[in-house]
Amino acid sequence: MARLLQAPPKFHPSEWDIANKMQSASTESQKSRSERVTAESRRLLDEIEKRTQKTQSDVNKKIEQRQEEIKFWKQELDNKLEQIFHETEVLLTFKTRLEKSLESCKEPLDIAQKCLLNRQRRAGIDLVHDEVEQELVKEAEVLQGVIALLERTLEQTNEQIRLNRSAKYNLEMDLKDKFTALMIDNYCASLTNNTPDIRYADHTVKIEGTFVSPEDWIDFSNINVEKAEKQRNNSLVLRTLIDGILSQTASDMRRQCEAVNVAFRNRVKEVRDAKLQLERLLAMVMDETASQEKNIAALKKAIADKEGPVKVAQTRLEARNHRPNVELCYDTVQYRLTSEVQEITKNIERLKDTLAQAEAELKGLSRQQLSLEEEIRVKENTLYIDEVLCMQMRESVHINNF
């Protein structure tokens, strides 16, 4: 009990003095350290604030520069898109020209083939491989060649239109992305430290594999522009080619069409002249037939007219053969009667021979008449085919420039 109530130990005055000095030194040291931290903190705050402002200002400049870059490439893409769009529209008009030109070839080819088919109906010697047929065959070949060339060119044009549209699509997709990127950077440029909707997003600091380098970014748009320019140039070259093809093919078809028409006109004139000559010959044959018929009639009459004299002479001879005895004399009368009968008989034979020849010639004239009439019908058929069927049908052929 007495131990529990014992007083705490007493410190020596020197210890007290030391304790006070130590407390004072500790306080001064703590104060000094605190002041240094405070000064360092102020310096650090000032430094960080300045660096933060400088960094943010630099970022703002970088965003502004990026906006200008995007605008530049957006303008480039816009210009190229307008060019490729205009070029595609123009090329579409050239495609329409090709289609119209191709369609216009069908009627002339059909007419040329019909003319060749109709001319197979010519008869006899007129079924000849003449200049008209040669030119018609050539015309059909020219038209078939033109059609094949136009079809190939049309296929090439369709492919070029597809390539133009593909380049246009790539430009549009790139422009769409550029527009979105520009809107995002515009939004970023509008943000300040006091903007209400700013927030923490720590995960965005990570750089993922989907990012591309600035060089790749430039190359991507540059490639799209170059591809579009290449297709535009190809399209310009193709349009020049199409112009030349349309002009040349129209010229070739027009020249061959005229060659066929000239051949037709010349042939019709030849056939018409031949027909006129045949008609003149027929008229001559008809006149000669009439003359020969008169000749035959005269020969027959002459033969008939000789019946009287021969009968008289023969009757006289018969009568004188009955003279009696010595009166049956071969006198000058008898001699002349005998000679008369022989003469008349011989003349009748000559007349009959001539009649036979005349009748043979009449038959020949008749055959010649039939032959000439048939040949005239052949010429009339040829003229009908060439002049009526073919030439009138060809009047509808018009070779236009498209």
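**A pocket, a cavity and a buried aspartate**

The second largest pocket has a lining of eight nonpolar, one polar and three charged residues. Keep in mind that this is a predicted model.

- The space in the second largest pocket comes to about 420 Å³.
- Helix H1 (13-119), helix H2 (131-190) and helix H3 (214-305) are the elements that each give two or more residues to the lining of this pocket.
- Among the lining residues are Arg 66, Glu 69 and Ile 70, along with Ala 181, Ile 184 and Asp 185.
- The lining also includes Phe 211, Val 212, Ser 213, Pro 214, Trp 217 and Ile 218.

**Overall build**

- The protein has five helices and zero strands, and its elements run α-α-α-α-α from the N terminus on.
- With a radius of gyration of 63 Å, well over the 21 Å that the globule rule gives for 402 residues, the protein is more spread out than a compact globule.
- The C-alpha trace spans about 245 × 45 × 30 Å along its principal axes.
- Of the 402 residues, 28% are buried.
- The protein exposes about 27,600 Å², and carbon and sulfur atoms supply 55% of that area.
- Taking contacts between residues at least 6 apart in sequence, 89% join residues at least 24 apart.

**The cavity**

- How many cavities of 30 Å³ or more does the structure hold? There is one cavity of that kind.
- The largest cavity has a volume of about 40 Å³.
- Its lining is made up of Ser 101, Ser 104, Met 253, His 398, Ile 399, Asn 400 and Phe 402.
- By class, that lining has three nonpolar, four polar and no charged residues.

**Asp 386 in helix H5**

- Asp 386 sits in helix H5, which covers residues 332-394.
- Is Asp 386 buried or exposed? Its relative accessibility is 1%, so Asp 386 counts as buried, the cut-off for buried being under 20%.
- Leaving aside residues up to four places away in sequence, Asp 386 touches Arg 119, Phe 264, Arg 267, Val 268 and Met 391.
- Asp 386 and Val 271 are 115 residues apart in sequence, and their C-alpha atoms are 9.7 Å apart in space.

Notes. Residues numbered from 1 in each chain as written. Predicted model: local features only at pLDDT ≥ 70, side-chain atom pairs only at ≥ 80, totals over all residues. Heavy atoms only, no water. 1 Å grid on protein atoms, 1.4 Å probe; cavity = no way out; pocket = protein on both sides within 12 Å on 5 of 7 lines; lining within 4 Å. Points joined across faces, edges and corners; volume = space filled by probe spheres on them. Helix = DSSP H or I, 4+ residues; strand = E, 2+ residues; numbered from the N terminus. Nonpolar A, V, L, I, M, F, W, Y, C, P; charged D, E, K, R; others polar. Rg over C-alpha atoms; globule rule 2.2 N^0.38 Å. Buried < 20%, exposed > 50% of the residue type's maximum accessible area, 1.4 Å probe, protein only. Contact = heavy atoms within 4.5 Å. Areas by Shrake-Rupley, 256 points an atom, 1.4 Å probe, with all protein chains shown as cover.
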